[in-house]
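Me: I have a new structure to read. Please walk me through it, feature by feature.

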Amino acid sequence: MPLLSLTNYKCFWGTLSAFTLCFIFIANSTTLQTTTTPKPCNDPYKELNLILNPNGTVTRLNKPPQSPPSPDPTLPNLVLSKDLTINQSKGTWARIYLPRKALDQKSKLPLIVFYHGGGFIFLSAASTMFHEFCFNMAKDVVAVVASIEYRLAPEHRLPAAYDDAVEALHWIRTNHGDSWLSKYVDYSNVFLMGSSAGGNIAYNAGLRIAARDDQDYKIIKGLILVQPFFGGTHRTSSELKLANSPYLSLCTNDMLWKLSLPVGVNRDHEYCNPMVRDGFEGLEKIERLKWWVLVTGCSGDPLVDRQMELVKLMKNKRVRVVGHFTPGEYHGVQDKEPLKAKQLYGVMKSFISELPSQD
Ligand SMILES: *[C@@H]1O[C@H](CO)[C@@H](O)[C@H](O)[C@H]1NC(C)=O
Ligand SMILES: *[C@@H]1O[C@H](CO)[C@@H](O)[C@H](O)[C@H]1NC(C)=O
């Protein structure tokens, strides 16, 4: 049985003829018939390979490799990187990536503020997988990247990560002491970006920054949400169809929310389900601020229905949103397959470079 059919392949909605980014819409998956019985799951700590310590912290038994930054310009790296403290009391910091060619050129580059994935619970800006992702993103997109170390759940449940994400942007805007940022960043061309849980953080940080009275929102040009991690109590068709996906099963999904949402709320909380409050006031503010939003996803991700639903909600709110959905693949594909990451950088580069410089 054909699981998905492409109903719609079109270029960006007409008003900007210069804008050539095309996107694919996958057929509304309510037409899908296949569902899988979700694997039962009970103990979140066991499922996620965590040990709950008596003091309330967790020990993460999987220890993925980490990489150091490489700030030395005499080494033959195409991208330099260094770590800067944001808030010592919270242990937050940023790893800044600077394409070497920026050192020779006079022009300033866009800044991508990146929030890594890991279900709000795992991984770090120092994780080798994200270090390589950001290194290659800085090189291919030709942008400065600031990859943010934020506090993790369950030690620090949401909204801690959003608070850190917002604080990071404020720190970036007001950090005139750092020469890489002050010399090479075009502060009218800043994007909040994240993949998976990082995409959720970029979205929620964006809503918060848009609603604040300080000047931080002024430097943001848009949001880039790569396979953003959202949920809800009601199961979507894509979640049911891909319930036991080896990359993100429904069980894992539920456990991640259980350990990261505030205690006592369910998945229909606004942090998890952007539809519950209709995106609340934040989306209207984002529309008024004329931010641009890119949402990417793929039909092999159980979360694809929610991602497409968010694109629809934003369109209804007249937010300038581009959905880029591809057939097949899986949740986190860009972290595992360099070729897929490279394709994503291409999509991002077109998105960023083809936006009008002024409105
Ligand atoms: C909590 O307990 C763990 C494991 O015993 C330990 O490694 C960690 O340092 C403790 N953390 C705090 C904040 O006491
Ligand atoms: C760091 O975080 C603490 C705790 O949230 C806050 O009170 C403090 O103002 C922050 N420091 C800076 C320099 O922003």
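Reply: Start with T233. T233 is partly exposed, because 13 other C-beta atoms lie within 10 Å. The rule: a residue is buried if 20 or more other C-beta atoms lie within 10 Å of its own, exposed if 12 or fewer, and partly exposed in between, with C-beta atoms placed from the backbone. This is a predicted model, in which local features need pLDDT of at least 70 and side-chain atom pairs count only at pLDDT 80 or more, while totals for chains, interfaces and linings use all residues. Residues are numbered from 1 along each chain as its sequence is written, and chains are lettered from A and ligands numbered from 1 in the order in which they are written.

Me: Where is T233, and which residues does T233 contact?

Reply: T233 sits in the loop between β10 (220–226) and α7 (237–241). Helices (H or I, at least four residues) and strands (E, at least two) are DSSP runs, numbered from the N terminus. Two residues are in contact if their C-beta atoms, placed from the backbone, lie within 7 Å. Leaving aside neighbours within four places in sequence, T233 contacts N266, R267 and D268.

Me: How many helices and strands does the protein chain have?

Reply: There are 12 helices and 12 strands. The protein chain has 359 residues, and 46% of them count as buried.

Me: How do I read two packed helices?

Reply: Two packed helices are described by the angle between their axes and the distance between the axes. Axes are lines fitted to C-alpha atoms, for helices over the stretch in contact, and angles run from 0 to 180 degrees between N-to-C directions. Take helix α3 (residues 128–142) and helix α12 (residues 338–353): they pack at about 45 degrees, with axes 9 Å apart. α3 and α12 are therefore oblique to each other. Angles under 35 degrees count as roughly parallel, over 145 as roughly antiparallel, 65 to 115 as roughly perpendicular and the rest as oblique.

Me: Which residues make the contact of α3 and α12?

Reply: From α3 come F133, N136, M137, D140 and V141; from α12 come A341, K342, Y345, M348, K349 and I352.

Me: What should I check in the backbone?

Reply: Most residues other than glycine have a negative phi, and most peptide bonds are trans. V142, in helix α3, is not a glycine, yet has a positive phi of about 60 degrees. R318 has a positive phi too, near 65 degrees. R318 lies in the loop between α10 and β12 (320–326). R318 is exposed, because 12 other C-beta atoms lie within 10 Å.

Me: Which peptide bonds are cis?

Reply: The bond from A153 to P154 is cis, with omega near 0 degrees. The bond from L158 to P159 is cis, with omega near 15 degrees. P154 lies in the loop between β8 (144–149) and α4 (160–174), and P159 is in the loop between β8 and α4.
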